[in-house]
Amino acid sequence: MTVLLFAIGCFMVGCGIAYAWWIRIRVWLLRQDLFVIRDGLWYAMRDAGKLDHPAHRKARQNLNVMIRFAPRLSIRVINEFASWKIGDPVFDKCEDLPETAVAMRQANHRYARYILRETLSGFAWFVAGRAEGTNKPEQVDEVERRAAAAALSPQARFAYPRKRHGPMAMAH
Amino acid sequence: MAEESDTDNDLTIRIVTVSERHKTARTVAICLTIGFGIAVVCTTIVRLVDKPPWLELLLAIIGLAAAPSGVLALLIRAIRRYTKRTAPLLAEAQRRDDSARSSSNLRPDGTDKPIA
């Protein structure tokens with residue numbers, strides 16, 4: 001019993017320290033993935049001669065906002081945002097080109113993975129949803145939509161330095 | 001317009017509050033887990049050994065926390081240095097073809113700028 005307690009204690013210390021580091025490292029990993037998606041899109045647009053296309057500009061702006069907002073995002077934040085019922089931000093422009101649509105889908109999917117698989121709270125929410133019988137693809141789609149909507153909402157502007165954008169500036 | 005701005009501000013404050021509350025709860029949970037774990041380890045060692053080797057015990061606990069933390073801190077530092085070296089070059093190369101290129105607004109080493 002004493003040895004078991006010792007093992008449990010060591011396990012708790014190890015888990016606590018590992019998670020404390022993980023919550024920093026996962027932001028780096030997410031940002032690196034979003035940078036890869038953003039730069040891949042830029043090269044594709046350059047090769048196609050469409051760098052100034054509004055769809056590319058909007059998609060890039062959205063990806064930049066998602067990169068910036070990443071440390072603030074959690075399942076509680078997106079659930080809070082979803083409860084406001086103030087509507088989704090406009091994604092239409094991003095869907096005008098197939099490349100931008102694919103890039104935004106990849107980014108949204110990565111965001112959902114960041115929320116649902118890489119945090120304890122998100123994972124617990126996901127498992128609880130599964131236990132309640134919520135369909136998995138629908139649940140992930142819903143989180144993707146909510147996460148992107150929260151990051152791209154005007155209310156997310158606090159994630160930006162005030163000097164650059166002004167206190168009332170829109171995040172996107 | 002003023003009402004819309006107030007509403008936006010209220011919602012921004014709410015999202016900041018939720019975000020910060022989540023971070024605080026997470027920090028408290030991590031500290032409690034580590035603290036409780038250390039207490040359990042110390043208690044069991046005291047039970048197992050009549051005269052616990054306190055110096056070794058202390059060094060073991062600090063080592064448990066410090067060794068992986070040191071490795072991970074070095075890893076993050078290496079990533080930051082790599083980003084600081086490569087990101088400006090990439091940005092400069094892209095700016096040659098695309099002067100209107102927008103940025104993620106992070107620091108050159110990939111960390112967040114402070115919010116004024």
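How many helices and how many strands does chain B have? Chain B has 2 helices and 0 strands, where helices (H or I, at least four residues) and strands (E, at least two) are DSSP runs, numbered from the N terminus.

Before going on, some housekeeping. This is a predicted model, in which local features need pLDDT of at least 70 and side-chain atom pairs count only at pLDDT 80 or more, while totals for chains, interfaces and linings use all residues. Residues are numbered from 1 along each chain as its sequence is written, and chains are lettered from A and ligands numbered from 1 in the order in which they are written.

Back to chain B. Its radius of gyration is 24 Å, well over the 13 Å that the globule rule gives for 116 residues, so chain B is more spread out than a compact globule. That radius is taken over C-alpha atoms, and the rule is 2.2 Å times the number of residues to the power 0.38. The C-alpha trace of chain B spans about 70 × 45 × 15 Å along its principal axes. Of the 116 residues in chain B, 9% are buried. Buried here means 20 or more other C-beta atoms within 10 Å of the residue's own; 12 or fewer is exposed, in between is partly exposed, and C-beta atoms are placed from the backbone.

Chain B is divided into domain 1 (1-52) and domain 2 (54-96), with bounds from an automatic or database domain assignment. The C-alpha centres of the two domains of chain B lie 23 Å apart.

α2(B) has 44 residues and reaches 64 Å from first C-alpha to last, close to the expected 64 Å; the expected span is 1.5 Å times one less than the number of residues. α2(B) has a kink of about 30°, centred on Gly63(B). The bend at a residue is the angle between axes fitted to the seven residues ending there and the seven starting there. Among the 44 residues of α2(B), the count of buried residues is 1.

In helix α1 of chain B sits Ile45(B), which is buried, with 20 other C-beta atoms within 10 Å. Beyond its neighbours within four places in sequence, Ile45(B) is in contact (C-beta atoms, placed from the backbone, within 7 Å) with Pro52(B) and Leu57(B). Ile45(B) and Leu57(B) are 12 residues apart in sequence and 8.6 Å apart C-alpha to C-alpha.

Next, the interface. The contact takes 44 residues from chain B and 47 residues from chain A. On the chain B side, α1 (2-48) and α2 (54-97) each supply at least two residues, and the largest share, 22 residues, comes from α1(B).

What about chain A? There are 7 helices and 0 strands in chain A, and 38% of its 172 residues count as buried. Of the contacts in chain A with a separation of 6 or more, 76% join residues 24 or more positions apart.

One helix as an example: α4 (residues 98-116) of chain A holds Ala107(A). Ala107(A) counts as buried, with 26 C-beta neighbours inside 10 Å. Leaving aside neighbours within four places in sequence, Ala107(A) is in contact with Leu34(A), Ile37(A), Leu63(A) and Met66(A). Other buried residues of α4(A) include Thr100(A), Ala103(A) and Tyr111(A).

That is where I will stop.

Methods: Contact = placed C-beta atoms within 7 Å.
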